[in-house]
Amino acid sequence: MHKQNTYPTTILLHALLIIMALSLTACGGGDKKPRSGPAKKTFIPANFADLVAEDTEGKLVASGLVDANGNPHPLIAHSEEGVLEFYLKHPDAFSVKTLNELPKDLKWENGEDEAIFSSPKAKRGGTWNMYENDFPRTLRFVGPDANGSFRGYIHDYNSIPLIQNHPNSDGYFPGTAKQWAVSEDGHTAFFQIDTDARYCDGQPLRISDFFYTFYFMRNKHINAPWYNDFYGKDKFTNITLFGKEALSISFYKAKPDMLERVSIRSIPEHFYGELDDEYLQDYQWKMEPTLGAYEVLEENIEKGKAITITRVKDWWADEKPFYRNRFNPERIRISVVRDPNKVFELFRKGDLDIHGLGLPEFWYDKLPDSAPEVTNGYIHKLTFYNQIPRPSWAIRINAGKTPLDNLDLRVGLHHAMNFQLVLDKVFRGDYQRMRTVADGYGPRSHQKLQARGFSIEKAETAFAKAGYTKRGSDGILQNPETNERLSITLTTGYKRMENVITVLKEEARKAGLELNLEILEGTAAWKKVNEKNHQVALTAFNVSVEMYPRFWEPFHSDNAYKEEGDSKYNADGSLKAKLTTKTNTNNFTQTANKEIDQLINQYRKSEDISEITQLSHELAQQIHDHASWIPGWKKPWIRYGHWRWMEFPDDWGPKETRDVEEFHVFWIDEKKKAETLDARKNGQSFPKQIRSYEKHKTK
């Protein structure tokens, strides 16, 4: 906590007026945690003089963080005590220069040669009606419970980083940076900031917010190990501010995709200030001021029922070329509907504007081409072929729990899962089996590796090696020495996948495995798996469209246990007993294997695309051999049904589209909505529309 100070009455009155003004702020929350005193111009650390005095090599002055008299640079002088101290302790990582000190030989780019992917036909306004199957547990972007699906609306598909990957090419388009360049050695990216950028609370984007991003993301109080590592000093080696309008970010390796790795988003320092151990609680229901198009106002939160997201008034990027005719609805209302059957009823009534039809039962049975809403042209059906790494549908085995720490038992589980029958019976041949942990990355994906197939014989053999050799009267295998039955609980938060796991349960029984099904609400399932309290879980991650896959997050032992590095292992490479589980990471399989760790470490350090490719193949093989990840399924397209008032560009969307809201190129035609509802009431119809967009279809 900040030290308590005393101030003159005039300053206290000024502070009171500021607090009153904040209570009326459009975004960022009006009841933000009060500080211990009114805002000051500078927050000099108590040990500031000591830090300067200890700097016998003059690193602080050389970095530009302080001047010759020991005063903080004006660009960071507003920072609070702990924030400023963080910068001063790392003068090799944070520096300030003048705009004139930018390298003169940089080749600047601005994305002007890239094609616009929105439609000039787009219309502004209206409400887009969507749903979630559970109410979000927080509005924070990081920390416990922050990684739910609602986050996509307010962060993943809303925030604006420095630059963005173009979804139809290998190029980039502007974000908060209007120009960018890369150093000759490939380690440093330079950005010129768009000075129009404003947060939704009206505050301008400050260049120092990019400094603050690293203070925030490396801070222990956010309780987010993944972000702590991703933004670590070992990877982001230096951030330099060149006056108020430019910065550079240096990366530890000249990676082939370095530019997109360093294209970070800014975090508003004026909103958070210095963090403390009350961060999680204080910001549980406050959406930070955003540079994106949509915000959450406190009055639009109906706890447990719905959240309405509204478009930021006078949004700064509204007429920027790559944002024009995007983010078109004035409001997005997200209602909580926990019953999947109820969701579909609401969609067919017109209370929800769009519904995924990726599951065959929806495409063929619940909304067949002969459905009256379809034949009358009220609801349109579509298939859009995209080009993306596929979401990782899989059964993740918690290898940290007994008896699943036995490799033979895990291999048996693979052979006991009849995914081919799921593909044929549930998905009607429309889907394909995932082969590896990293499908869809072109040359970086292992082209020859195959998922283990269903085989009662192979499953029984593997289970026998694990000690389960005797069938009980109910057909379930037992360990004759312990009388332990081969009974495993499968957890999932996907109610709509009940028919999938039912097939798997029935087939597993043939191999002597009892599979107990635990279907929880989405957030409850996520919490259980995130805390590593599951045995096996059917889950999926949307994966980023990247040049090569990530392995550290889901498969490195540092994300399984709190003990660091090789200290988890015995001299023979085996895992030590009584390790401390690390929660809130993506290593849901609790994979901890010394050889895999070493390969991942080498993979992360590599700058050569050929070596990265080879290591990616080796890792896919090693993870296959470790058998803690059972590949599920993938599909080469997305399918939707939508009411005719929800409209799209002529080509529907960019080739890298994963979700309908990802690039926000659709719009709501209020006139068509009234026309459609009136026609339905009066028995009128429109032309039937079932379309397949195959521009990006691959063989």
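These are legends for close-up views of a predicted model.

**View 1**
Following the helix comes Lys-532, with a positive phi near 65°.

**View 1. Phe-384 and Trp-652, a tilted ring pair.**
The structure has 56 aromatic pairs, and this is one of them. The ring centres of Phe-384 and Trp-652 are 4.9 Å apart and the planes sit at 40°, so the pair counts as tilted. Phe-384 comes from strand 13 (residues 379-385), while Trp-652 belongs to the loop between strand 25 (646-647) and strand 26 (667-668), so the pair ties together parts that are 268 residues apart in sequence. Are these two residues buried or exposed? Both Phe-384 and Trp-652 are buried.

**View 2. A cluster of aromatic rings.**
Ring pairs join up residues into a cluster here, among them Phe-86, Tyr-87 and Phe-94.

**View 3. Charges over Trp-363.**
Which residues lie over the face of Trp-363? One of them is Lys-381, at 4.1 Å from the ring centre. Arg-639 also lies over the face of Trp-363, and its distance from the ring centre is 4.5 Å.

**View 4. Asn-418, a buried loop residue.**
Asn-418 sits in the loop between helix 14 (407-416) and helix 15 (419-426). With a relative accessible area of 9%, Asn-418 is buried. What does its side chain reach? It gets to the backbone nitrogen of Leu-421, at 3.1 Å. Setting aside neighbours within four places in sequence, Asn-418 is in contact with Phe-454, Leu-504 and Glu-507.

Lys-673 counts as buried, at 19% relative accessibility; the cut-off for buried is under 20%. Residues up to four places away in sequence aside, Lys-673 touches Asn-129, Asp-353 and Trp-645. Gly-126 is worth a look as well: Lys-673 and Gly-126 are 547 residues apart in sequence, with 9.7 Å between their C-alpha atoms.

**View 5. A few salt bridges.**
How many salt bridges are there? The count comes to 38, and this view picks out some of them. Lys-89 and Glu-85 meet through their side chains at 3.1 Å, N to O. Lys-89 is partly exposed, with a relative accessible area of 48%, whereas Glu-85 is buried at 18%. Asp-351 bridges to Lys-349, with the closest N and O atoms 3.7 Å apart. Asp-351 is partly exposed at 38% relative accessibility, and Lys-349 is partly exposed with a relative accessible area of 48%.

In the salt bridge between Asp-474 and Arg-485, the closest N and O atoms are 2.6 Å apart. Asp-474 is in the loop between strand 16 (470-471) and strand 17 (477-479), and Arg-485 is in strand 18 (residues 484-485), so the pair ties together parts that are eleven residues apart in sequence. Relative accessible area is 34% for Asp-474, making it partly exposed, and Arg-485 is partly exposed too, at 29%. Elsewhere, salt bridges with shared partners join Asp-229, Asp-234, Lys-235 and Arg-604 into one network.

Between Thr-402 and Pro-403 the peptide bond is cis, with omega near 5°. Pro-403 lies in the loop between strand 14 (394-397) and helix 14. Arg-428 isn't a glycine, yet it has a positive phi of about 55°. Arg-428 is in the loop between helix 15 and strand 15 (432-433), and it is partly exposed, with a relative accessible area of 36%. Asn-584, another residue other than glycine, has a positive phi near 60°. Asn-584 is found in the loop between helix 19 (552-555) and helix 20 (594-605).

Key. Residues are numbered from 1 along each chain as its sequence is written. This is a predicted model: local features need pLDDT of at least 70, side-chain atom pairs count only at pLDDT 80 or more; totals for chains, interfaces and linings use all residues. Side-chain values use heavy atoms; hydrogens and water are left out. Helices (H or I, at least four residues) and strands (E, at least two) are DSSP runs, numbered from the N terminus. Rings of Phe, Tyr and Trp (its six-membered ring) pair if their centres lie within 6.5 Å; planes under 30 degrees apart count as stacked, over 60 as edge-to-face and the rest as tilted. Buried means under 20% relative accessible area, exposed over 50%, partly exposed in between (1.4 Å probe, protein chains only). A charge sits over a ring if NZ of Lys or CZ of Arg is within 6 Å of the ring centre and within 35 degrees of the ring normal. A polar contact is a pair of N or O atoms within 3.5 Å; within protein, one must be able to donate a hydrogen and the other to accept it, and residues adjacent in sequence count only if both atoms are side-chain atoms. Contact means heavy atoms within 4.5 Å. A salt bridge is a side-chain nitrogen of Lys or Arg within 4 Å of a carboxyl oxygen of Asp or Glu.
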